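Please have the sequence and the model side by side while reading.

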Amino acid sequence: MGKTRRNFLAGLARSKGFCVENTLSSNVTHIVAEDNPADELWLWLQKQGIADLDKINVLDISWFTQSMSAGRPIPVEVQHRIEDALEVLAENYELIESVGPCLGFKKAASVLKSLPVPVRSIRDVEGLPCLGPETMAVIEDIFEFGSSSKVEDVLKDERYQTLKIFTSVFGVGPKTAEKWYRQGLRNLTQIVSDSTIHLNNMQKAGFQYYDDISKPVSKAEAEALSRIIVEIAGCVNPEVTVTLTGGFRRGKEFGHDVDFLLHVPGPGKEDGLLPAVIDRLRSQGVLLYLDFQESTFDISKLPSCRFEAMDHFQKCFLILKLKKEQVVGQQVEQRCGKDWKAVRVDLVAPPAECYPFALLGWSGSTVRDERSCIK
DNA sequence: AGGCCTACG
DNA sequence: CGTA
DNA sequence: GCCT
């Protein structure tokens with residue numbers, strides 16, 4: 001996180017009696033990260049050669065704010081450590097394209113997340129669905145030693161680390177990452193400076209705006225984008241309503257993209273809406289990347305299954321240029337620097353009669369299994 | 001042994 | 001093949 | 001990897 005913000009948060013913590021270190025040492029018990037993903041930090045920590053990695057907790061800003069209001073460090077749930085561990089395994093299998101094991105660990109992690117009560121001991125998870133012998137071994141290790149060697153090995157693995165870096169680029173999946181890895185490439189600088197590598201448009205945008213779109217999007221930024229989309233959609237059709245969906249609608253403070261649902265009352269009125277909005281974004285010079293998906297929605301073929309139909313609505317995946325001056329509470333300091341940030345934005349325009357279902361669908365979970373439960 | 005979300009560009 |  |  002930025003220096004100013006770090007100083008502010010450190011001062012706040014010290015005023016509450018917390019001991020805040022400026023450098024990493026074996027005294028450090030809790031590390032708060034804001035922009036960096038937890039697993040990225042774990043990688044870095046391992047390179048620092050600290051003795052007891054088990055004793056260190058990597059936490060997000062919500063742990064910090066909760067601990068501040070509690071006046072003491074709130075205990076880190078073992079459950080959270082287990083979930084992270086299982087997700088690391090799932091991700092590793094995803095990167096090496098082992099669909100089955102990947103899904104198995106994803107489901108196991110998701111089962112733990114959905115438990116109404118916190119897991120206090122191994123007995124609390126016995127008999128739960130999707131927790132087989134392999135998963136149980138990981139859970140037992142974390143209860144007993146605070147970590148699982150299987151997971152630690154994955155985190156140390158060069159292939160895992162490298163594939164993770166490569167797939168962090170928008171447009172790069174396991175296949176491409178693996179190809180680059182087999183060519184002996186190990187970091188992003190080597191990729192961009194290799195003239196024999198030919199990137200597709202998605203990947204070009206991914207590298208071009210890598211720094212910006214890797215950063216979390218704040219609620220203030222989402223709201224600024226909302227004002228922009230409302231303004232433009234209103235010009236196209238004054239009857240359009242724009243709804244912020246996805247994580248921000250569920251009250252999250254940060255997200256990796258911003259989702260909007262555009263709604264026009266009256267059947268068939270959504271036709272041509274997105275193309276018109278996109279045209280205006282383009283002529284304003286804020287459209288950095290576009291992936292437009294034609295609707296295949298056909299009500300005659302889908303008489304009642306409106307949830308399944310969700311995936312057929314007209315939608316587009318964009319990267320937009322957000323001016324910093326348009327974000328509330330964001331003062332532009334450098335007069336000669338980039339005064340904007342690239343942000344991933346999704347727009348969806350369902351037919352009027354599907355609007356309530358689309359709203360529910362785009363506000364909830366991304367996993368299809370969990371979606372169909374709503375039905 | 002075979003499935004694990006699916007549709008689009 | 002990559003995205004959501 | 002877990003389930004059927």
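Helices (H or I, at least four residues) and strands (E, at least two) are taken here as DSSP runs, numbered from the N terminus. In that numbering, Ile229 lies in helix α13, which covers residues 219–236. This is a predicted model, in which local features need pLDDT of at least 70 and side-chain atom pairs count only at pLDDT 80 or more, while totals for chains, interfaces and linings use all residues. Residues are numbered from 1 along each chain as its sequence is written, chains are lettered from A and ligands numbered from 1 in the order in which they are written, and side-chain values use heavy atoms, with hydrogens and water left out.

The predictor's confidence in each residue is given as pLDDT, from 0 to 100; chain A averages 85, and 81% of the residues score at least 70. Over residues 371–375, however, pLDDT stays under 50. Where pLDDT is low, the predicted coordinates should not be read in detail.

Ile229 has a relative accessible area of 0% and is therefore buried (buried means under 20% relative accessible area, exposed over 50%, and partly exposed in between, with a 1.4 Å probe and protein chains only). Leaving aside neighbours within four places in sequence, Ile229 is in contact (heavy atoms within 4.5 Å) with Val242, Phe260, Leu262, Leu320 and Leu347.

A nonpolar core is a set of buried Ala, Val, Leu, Ile, Met, Phe, Trp, Tyr and Cys residues joined through side-chain atoms within 4.5 Å. The largest such core has 36 residues, and Leu86, Phe166 and Trp180 have the most contacts inside it. Its largest share, eight residues, comes from α4. Because domain 1 (3–154) and domain 2 (157–208) both give residues to this core, it lies between them; the domain bounds come from an automatic or database domain assignment. Beyond its neighbours within four places in sequence, Leu86 is in contact with Phe105, Ala108, Ala109, Leu112, Thr135 and Val138. A second, separate core of 32 residues includes Val242, Leu244, Leu274 and Ala349.

With a disulfide taken as a pair of cysteine sulfur atoms within 2.5 Å, the count comes to zero. The sulfur of Cys235 has its closest cysteine sulfur in Cys316, 17 Å away, which is too far for a bond. Cys235, at 43% relative accessibility, counts as partly exposed, whereas Cys316, at 0%, counts as buried.
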